[in-house]
Amino acid sequence: MYRRNLSILVVLIWLLPRGVAEGVDYTRWYPYSEASRLAEQGRRTLMVYFWRDGCAYCEQMNTFVLSEPAVSRLLERCFVVASVDSQSSEGVSLARRLRALGTPTFVFLAYGQGGWKETGRLFGSRPRAQFLQELKQVSTGTGGGSCE
């Protein structure tokens, strides 16, 4: 009986979505250093969202696109999100390194072979349906693997 219950428990843990077993909250948006660590450990694509205060296009994305339930669900299911203020000290150097020249910029990275590889990039505001479609394309592309 014990062996059977143990086997069932192992199978259930194996079947859980990646990250759940580790207690990772994929609904949260993390600082870059934490998000990159979680994405590497969870074998997920990292979405780095560069924004800045006073950016009307960032506010438009935040209010009308990123808060959309379908977008939120896809982000939660497929990505680890790093939220980066492009005007902070960390943000300035990271934006330079990832070539995020303006806001909003979304850089998608997958970890493999000892380093991060860019798998997609979006710049500027866009309608929610377009953003959702682009997220789906990135999530099923190379790198972090399909999550659809």
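Let me begin at the end of helix α2, where Arg 43, just after the helix, takes a positive phi of about 55°. Please keep in mind throughout that the model before you is a predicted one.

Let us now turn to the helix itself. Helix α2 spans residues 32–42, and its buried residues are Tyr 32, Ala 35, Ser 36, Leu 38, Ala 39 and Gly 42. Why do these residues lie on the same side of α2? They do so because they cover an arc of only 165° around the axis. The spacing in the sequence follows a general principle. An α-helix has 3.6 residues a turn, so residues three or four places apart point the same way.

What covers this buried side? The elements over the buried residues of α2 include the strands β1 (29–30), β2 (45–51), β3 (79–85), β4 (105–112) and β5 (115–123), together with helix α5 (89–97).

Is Ser 36 buried or exposed? Its relative accessibility is 12%, and because buried means under 20%, Ser 36 counts as buried. If we leave aside residues up to four places away in sequence, Ser 36 touches Leu 46 and Trp 116.

After α5 comes Arg 99, whose phi is positive, near 60°.

Finally, let us examine strand β4. Why may we describe β4 as largely enclosed by the rest of the structure? The reason is that six of its eight residues are buried.

Strand β4 pairs with two strands that I shall take in turn. With β2, the pairing is antiparallel and runs over five bridges; Tyr 49, for example, has Phe 106 in β4 as its bridge partner. With β5, the pairing is again antiparallel, over eight bridges, and Ala 110 stands opposite Lys 117 in β5.

How many residues separate β4 and β5 in their hairpin? There are two residues between them, and in this turn Gln 113 has a positive phi of about 55°.

Notes. Residues are numbered from 1 along each chain as its sequence is written. This is a predicted model: local features need pLDDT of at least 70, side-chain atom pairs count only at pLDDT 80 or more; totals for chains, interfaces and linings use all residues. Side-chain values use heavy atoms; hydrogens and water are left out. Buried means under 20% relative accessible area, exposed over 50%, partly exposed in between (1.4 Å probe, protein chains only). Helices (H or I, at least four residues) and strands (E, at least two) are DSSP runs, numbered from the N terminus. The arc is that of the directions from the helix axis to the C-beta atoms. Contact means heavy atoms within 4.5 Å. Two strands pair if DSSP finds at least two bridges between them.
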